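Please examine the sequence and the structure below.

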Amino acid sequence: MEFGFSQKEIEFQEAVEEFLKKELPPDWPEKSRHWPGGYGTIEMPNREMADTAREFRRKLAQKGWFTIAWPEQYGGKAHSHIEQAIFDERMSYFRAPSVGIATRIAGPTILRFGTEENKQDWIPRIANAEIEMWLAYSEPDAGSDLAGIQTTAVLEGEEYVINGQKVWSTIAHLADYAWLIAKTDPDGHRHHRVSLFVVDNKSPGVTIKPLINIVGVHSFNEVFFDNVRVPAKNLIGDKNAGFYYLMTALDFERLLVGIGGFRRFFEELVEYVKQMEREGKPLGKNHSVRVKLAEIAVKIEIAYLFFWRTAEKLDKGQVPDVESSVLKLTTTELSRHLANVTMEIFGPYSQLVTESEWTPLRGMAPRGYLDCVSATIGAGTSEIQRSIIATRGLGLPRK
Ligand SMILES: Cc1cc2nc3c(=O)[nH]c(=O)nc-3n(C[C@H](O)[C@H](O)[C@H](O)COP(=O)(O)OP(=O)(O)OC[C@H]3O[C@@H](n4cnc5c(N)ncnc54)[C@H](O)[C@@H]3O)c2cc1C
């Protein structure tokens with residue numbers, strides 16, 4: 001067993017950090033108020049930051065860092081998964097605008113299961129950051145149990161005709177294409193009747209309606225498909241095999257935990273407590289505060305270890321199906337724990353959202369307190385992650 005990075009990995013980490021310091025404004029990490037593990041603050045607080053984020057993403061794509069662990073023949077840099085993890089850790093530590101669903105969920109799934117035609121159609125555009133996708137899985141009556149979806153796709157000549165409704169569709173209003181599951185065999189077994197498609201948002205019959213999230217931000221939507229015609233070649237891989245592709249796509253999604261954001265906020269929180277101490281407010285000597293901070297410190301270390309271990313497993317060519325659930329469960333529960341502890345430490349000041357001289361850490365705590373609720377639901381609830389760990393990890397029988 002060896003803990004630590006190789007010289008090549010250290011140099012890559014330094015290159016990423018240098019890039020982030022050069023290409024993001026110095027005050028970006030403070031201005032960008034993304035709560036670790038949260039979903040809610042996908043929109044930039046203002047126009048200037050949105051423009052900076054767009055420009056930053058363009059530069060990342062130019063460097064080939066959108067798809068660093070992809071094979072070179074598909075526009076990647078053929079870096080290891082550990083290097084991908086190093087990149088993710090530094091990006092999230094700097095609260096940098098993240099790379100998207102197309103690059104980290106749809107793209108790797110197409111590379112693994114797509115036909116050659118699928119790869120030619122989608123991979124170059126994803127690698128060049130020309131398109132973004134949204135995840136069209138959940139429906140009003142199917143979330144945890146995605147095999148129970150009702151949306152249908154019926155083949156008519158050279159096209160599939162799609163009818164149904166999706167919900168909780170994060171960034172559907174900002175993205176270009178739906179990464180969609182639909183039923184293609186009404187009589188098939190639950191796990192052999194679903195297929196995966198890429199559907200153009202601009203297709204006639206697609207209606208996107210906003211849903212405002214708990215933080216007050218328009219981050220997700222409900223989306224209706226009314227006789228939407230999709231070219232048959234937009235089917236990914238084999239017909240009726242979509243449920244298995246979906247399980248892998250969910251594993252990829254559960255790896256995107258923004259690990260560095262936890263360390264960044266925790267450092268700010270500890271510094272705040274020290275600053276209070278310097279100002280004569282004995283927060284740092286308070287037994288309860290010390291114990292709570294120590295507990296969080298330990299949990300962050302554990303989350304980091306799971307994070308690196310998952311990347312190592314990927315580099316060995318193994319599927320981290322249990323690890324991705326362990327990582328997702330650990331980090332999202334930590335997101336809630338961190339929010340609770342922060343609110344307790346800030347006391348009555350914790351409710352100040354608007355920035356003022358009295359507002360601790362730019363009002364991140366109350367926003368995070370609301371935002372973190374979604375962390376343990378999106379990409380599969382904590383109950384579902386525990387169930388996966390029990391069955392796939394411990395070999396216990398399915399209930
Ligand atoms: C912020 C956010 C963003 C999201 N973004 C997207 C998106 O972009 N695209 C998308 O398709 N979906 C998205 N979702 C939806 C998300 O994936 C679902 O909400 C989630 O999978 C749970 O499904 P559900 O809401 O239907 O709840 P249900 O499945 O009805 O679950 C309700 C409760 O029952 C529990 N439960 C259900 N089944 C079991 C079981 N077998 N064992 C134990 N407990 C169980 C659940 O844990 C939960 O507590 C998002 C959700 C959130 C909160």
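This is a predicted model. The ligand lies between domain 2 (133-240) and domain 3 (252-393), because both domains give residues to the shell around it.

The shell can now be considered residue by residue. There are 19 residues around the ligand, and those that come nearest are Tyr137, Gly143, Ser144, Ser374 and Thr381. By class, the shell consists of 10 polar, 8 nonpolar and 1 charged residues. At least two residues of the shell are supplied by each of β1 (133-136) and α12 (382-393). Helix α12 gives the most, with 3 residues.

The largest nonpolar core comprises 91 residues, and Met133, Trp134, Ala136, Trp179, Ile181, Phe197 and Val199 have the most contacts inside it. Helix α10 (residues 321-346) gives the most to this core, with 8 residues. Which residues are in contact with methionine 133, leaving aside its neighbours within four places in sequence? They are Ile101, Ala102, Ala106, Ala175, Tyr177, Ala178 and Trp179.

The chain as a whole remains to be described. It contains 12 helices and 8 strands. Of its 399 residues, 42% are buried. Among contacts between residues at least 6 apart in sequence, 72% join residues at least 24 apart. The C-alpha atoms fill a box of roughly 75 × 50 × 45 Å along the principal axes. A compact globule with 399 residues would have a radius of gyration near 21 Å, so the value of 22 Å for the chain agrees with that expectation.

Methods. Residues are numbered from 1 along each chain as its sequence is written. This is a predicted model: local features need pLDDT of at least 70, side-chain atom pairs count only at pLDDT 80 or more; totals for chains, interfaces and linings use all residues. A residue is near a molecule or strand if its C-beta atom, placed from the backbone, lies within 6 Å of it. Helices (H or I, at least four residues) and strands (E, at least two) are DSSP runs, numbered from the N terminus. Ala, Val, Leu, Ile, Met, Phe, Trp, Tyr, Cys and Pro count as nonpolar, Asp, Glu, Lys and Arg as charged, and the others, Gly among them, as polar. Domain bounds come from an automatic or database domain assignment. A nonpolar core is a set of buried Ala, Val, Leu, Ile, Met, Phe, Trp, Tyr and Cys residues joined through C-beta atoms within 7 Å. A residue is buried if 20 or more other C-beta atoms lie within 10 Å of its own, exposed if 12 or fewer, and partly exposed in between; C-beta atoms are placed from the backbone. Two residues are in contact if their C-beta atoms, placed from the backbone, lie within 7 Å. The radius of gyration is taken over C-alpha atoms; the globule rule is 2.2 Å times the number of residues to the power 0.38.
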